[in-house]
Amino acid sequence: MMNGMSPEVSEHVPICSTKDIVTARQKGRELAHCFKFSKGEQTRFATAISELTRNILTYADTGSCQFYVYTDKNYHTIMAKIIDHGPGIENPKLAMTDGYSSGNGLGLGLPGAKRLVHELSIKSEPGLTQIEITIRQKKY
Ligand SMILES: Nc1ncnc2c1ncn2[C@@H]1O[C@H](COP(=O)(O)OP(=O)(O)OP(=O)(O)O)[C@@H](O)[C@H]1O
Ligand SMILES: [Mg+2]
């Protein structure tokens, strides 16, 4: 929850296969479109969601992507919370470094996602990884 406010919209996409990545990606784009984020921001948000949900399939098997929209006096904020119950990110700081991969990846998913959104935060321990990304748009 952000600033103690209840979200206006919340939706939930289970992530079990690559088609769920597409669903989560589309849902993120659709929400950003609904709240009048630019085409570029819609695409950046959608791309960050696909990187993070793809990591679920690679490193944790299954998980979920939850969406929350918060509106205050000045801003619309959309948050995607990407959750899994896998082994956890061993060293989140290292994982955020360009080029670091514990597998065969390019190691660009997490740091790339951070650059695409307003904010990215990681909470991870064995059995629970939660990554929150937010985009923010001034109301007009
Ligand atoms: N959900 C997760 N659970 C456990 N570890 C993770 C998770 N997401 C990322 N990691 C760890 O963080 C590292 C960096 O992730 P990142 O997405 O940046 O790169 P990658 O997945 O290895 O390669 P790329 O995404 O560029 O194909 C991963 O190699 C993995 O060790
Ligand atoms: Mg990745």
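## Ligand shell, core and sheet

This is a predicted model. The shell around ligand 1 counts 24 residues, the closest being Ala95, Ser101, Ser102, Gly105 and Gly109.

**Exercise 1.** Describe the largest nonpolar core and find which element gives the most to it.

*Solution.* 
1. Start with size. The core has 28 residues.
2. Pick the members that touch the most other members: Ala32, Phe45, Ala48, Ile49, Cys65, Ile78 and Ala80.
3. β1 (9-15), α1 (18-34), α2 (39-60), β2 (63-71), β3 (75-84), α4 (109-116) and β5 (128-138) each contribute at least two residues.
4. α2 gives the most, 6 residues.
5. Zoom in on Ile49. Leaving out residues up to four places away in sequence, Ile49 touches Ala24, Arg25, Gly28, Cys65 and Ala80.

**Exercise 2.** Trace how β2 pairs with β1 and with β3.

*Solution.* 
1. Take β1 and β2. They run antiparallel, joined by 7 bridges.
2. Locate a pair. Ile15 stands opposite Gly63 of β2.
3. Move to β2 and β3. They too pair antiparallel, over 9 bridges.
4. β2 and β3 make a hairpin, with 3 residues between them.
5. Locate a pair here. Phe67 has Ala80 of β3 as its bridge partner.

Conventions: Residues numbered from 1 in each chain as written. Chains lettered and ligands numbered in written order. Predicted model: local features only at pLDDT ≥ 70, side-chain atom pairs only at ≥ 80, totals over all residues. Core = buried A, V, L, I, M, F, W, Y, C linked by C-beta atoms within 7 Å. Buried ≥ 20, exposed ≤ 12 C-beta atoms within 10 Å, placed from the backbone. Helix = DSSP H or I, 4+ residues; strand = E, 2+ residues; numbered from the N terminus. Contact = placed C-beta atoms within 7 Å. Near = placed C-beta within 6 Å. Pairing = 2+ DSSP bridges.
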